[in-house]
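Visitor: I am new to protein structures. Could you walk me through this one, step by step?

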Amino acid sequence: MAGTVVIGCADQTLAYDLRSQLAEVADVEVLAVVESTAELARVVVERDPNLVLLHDQLGPEPVHQVVRDLSLRRPASVTLIVSGDSDPETLAEATDAGARGLLTYPLSFAEVQQRITNAIDWSTRLQSLLVEQTDSTAGHRALVLAITGTKGGVGATTVATHLAWDVRRELPDHRVLVIDLDLEKGDVSSLIEARHRVSVADVAKVADDLSFRTVADAILEHESGVHLLLPPEDVREASLVTPAAIRQIIGLVRQQYDLVVIDAGARVTPLQAAVVEIADEAVAVVTPDLVSLRALRRNVGWWDQLSVRKPESTWVLVNRHSRADEIQPDTVARLSPSPVLDVTLTDRGRKLERSVNSRSPEYVEDASWWQSVRAFGRAVGVGRGRAAASAPGAGEQAARGRRRRTAASDEGSASIELVGVLPTVVVVCVVVVQLAVVGLTALWTGYGASAAARAAAVHASSSELRQATQDAVPGGYHSDLRVRRDPTGREVEVSMAVPILAPGLASTPWRITIGREVVVEP
């Protein structure tokens, strides 16, 4: 099987040179050439190549940080850094970051062939080893879920904390961590009672020499079993939490938990952008109003401009929906730049008030609320098999599976709705047809009365009078046709029964009678 390569290089001349060199190496396929670190991370996660060639001038993220992230998210993908500097210090920095080696330019074909072949062989062996140990390592690969608000007060923190609470309650063997990265106004500790002395800022202070033990010392285990990593109480320490530090923290906790839920706040900041970029799934919570939808378009647009996440890779969750809203979920789906989840969280009024005031989600007694939260979790991949979650390409496969389930759900919902409304549609159609038959009966009765009046004007007999009337109306009306002439001979009346649905079928008890004045000829 041919080795697969992804090239990350913003210099088009160097990228062309690399492709030319690789074209001469046997059994090597170039999957993509990207020009930004964000696009590189996305392609590597989706395509899972054997080898990544990374130019040291690629941006906007620091290259060594990108190498660390890729080694955590795709450990079987080997990275070689392409640099014009071949001194030992550069090589040491590359290997410390997790790269397998260094390619220096101008490129030498012999060096490229040797390094590429060795790197692909190493990746193949490592990948086979990971596949063999999938069962034993599956429990150490968390699903990282970033939940953001489009503006303050849309309920993103409530959704994040209640989802974590419900997962821990329904799956006791799952290790669940909630990270509150809304540093200036985080409310996780307002919804789940927690008193902490050490915060994420204290961990970020020692980001240069970080280990999971250091992070674990700052994590609070709540009595419910949910683990919490909370923001600092002193707002002045918020500046200590940098994107580079949070990348390292998430990379460490990813290996120790089954689910990491991150409340990333509503403001697009460098910290939020870093979280949205490295998260497996990103969800933007909106309320059914234009202010929230405008904020959604703005935030998703900024993420796209910063090259951290494409609009089609972000899920939208509608919260506080009610039938009285002017904007319904189908309207949200048309206005949203990102796909909207089929699951919507309806407005619960004051049913959540007690749990908020007591700082304990267990006081929510509305079973439908927990069903909706659970359905939202399943829609974004929470609770799926851990072995599948840790397998290469699992994120893309899960997304495809969700799209298939969404399509199947849409088809099933449409079938059920059709069955439900079909009787109503049939009744409406029958009523419309019957009203049309009543109108036609009145029209033909008038025609018959006019024909009878003309026959009476020339002194026709009763049989001739009836025959003239029958000739003027369709045959379906003949059986219930009645013709009466006034004794004075000055007026005739024609009466016809109203048929059921069509002339010639059964008749209703109602009749339509129309009279006409007879002009007697001298």
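Guide: What follows is a set of questions and answers about this predicted model.

Visitor: Now the charges. How many salt bridges are found in the whole structure?

Guide: A salt bridge here needs a side-chain nitrogen of Lys or Arg within 4 Å of a carboxyl oxygen of Asp or Glu. A search of the whole structure finds 16.

Visitor: Where do Arg 42 and Glu 39 lie?

Guide: These two form a salt bridge, with the closest N and O atoms 4.0 Å apart. Arg 42 is partly exposed at 29% relative accessibility. Glu 39 is partly exposed at 32%. They are three residues apart, about one turn of the helix, and both lie in helix 2 (residues 37-47).

Visitor: How many residues apart in sequence are the parts that Arg 374 and Glu 170 tie together?

Guide: The side chains of Arg 374 and Glu 170 meet in a salt bridge, 3.6 Å from N to O. Arg 374 lies in helix 16 and Glu 170 in helix 7, so the pair ties together parts of the chain whose separation in sequence is 204 residues.

Visitor: Are Arg 374 and Glu 170 buried, partly exposed or exposed?

Guide: Buried means under 20% relative accessible area, and exposed means over 50%. Arg 374 has 26%. Glu 170 has 41%. Each value falls in between, so Arg 374 and Glu 170 are both partly exposed.

Visitor: In the salt bridge of Asp 280 and Arg 254, which residue is buried?

Guide: The closest N and O atoms of this pair are 3.1 Å apart. Asp 280 sits in the loop between helix 12 (270-278) and strand 11, and Arg 254 in the loop between helix 11 (243-253) and strand 10. Asp 280 counts as partly exposed at 26% relative accessibility. At 2%, the buried residue is Arg 254.

Visitor: On to the surface. Which residues gather in the patch of negative charge?

Guide: Take Glu 89, in helix 4 (residues 88-97). A patch residue needs over 30% relative accessible area. Glu 89 is exposed, with 55%. The patch is made of Asp 85, Glu 89, Glu 93 and Asp 96.

Visitor: How much accessible area does the nonpolar surface patch have together?

Guide: Among its members are Val 421, Val 433, Ile 500 and Leu 501. Val 421 is found in helix 18 (residues 394-457) and is partly exposed, with a relative accessible area of 42%. Together the patch has about 700 Å².

Visitor: What is the phi of Leu 501?

Guide: Most residues other than glycine have a negative phi. Leu 501 lies in the loop between strand 15 (491-499) and strand 16 (507-517). Leu 501 is not a glycine, yet its phi is positive, at about 70 degrees.

Visitor: And what is the phi of Arg 320?

Guide: Arg 320 has its place in strand 12. Its relative accessible area is 40%, so Arg 320 is partly exposed. Its phi is also positive, near 60 degrees.

Visitor: One last pair. How far apart in space are Thr 117 and Asp 27?

Guide: Thr 117 lies in helix 5 (residues 109-132). Thr 117 and Asp 27 are 90 residues apart in sequence. In space, C-alpha to C-alpha, the distance is 9.4 Å.

Definitions and conventions
Residues are numbered from 1 along each chain as its sequence is written. This is a predicted model: local features need pLDDT of at least 70, side-chain atom pairs count only at pLDDT 80 or more; totals for chains, interfaces and linings use all residues. Side-chain values use heavy atoms; hydrogens and water are left out. Patches are made of residues with over 30% relative accessible area and no salt bridge: like charges are joined within 9 Å, nonpolar side chains (Val, Leu, Ile, Met, Phe, Trp, Tyr) within 5 Å. Accessible areas come from the Shrake-Rupley method with a 1.4 Å probe; for residues, only the protein chains shown count as cover. Lys and Arg count as positive and Asp and Glu as negative; His and the chain ends are not counted. The place of a charge is taken as NZ of Lys, CZ of Arg, CG of Asp or CD of Glu. Helices (H or I, at least four residues) and strands (E, at least two) are DSSP runs, numbered from the N terminus. Buried means under 20% relative accessible area, exposed over 50%, partly exposed in between (1.4 Å probe, protein chains only).
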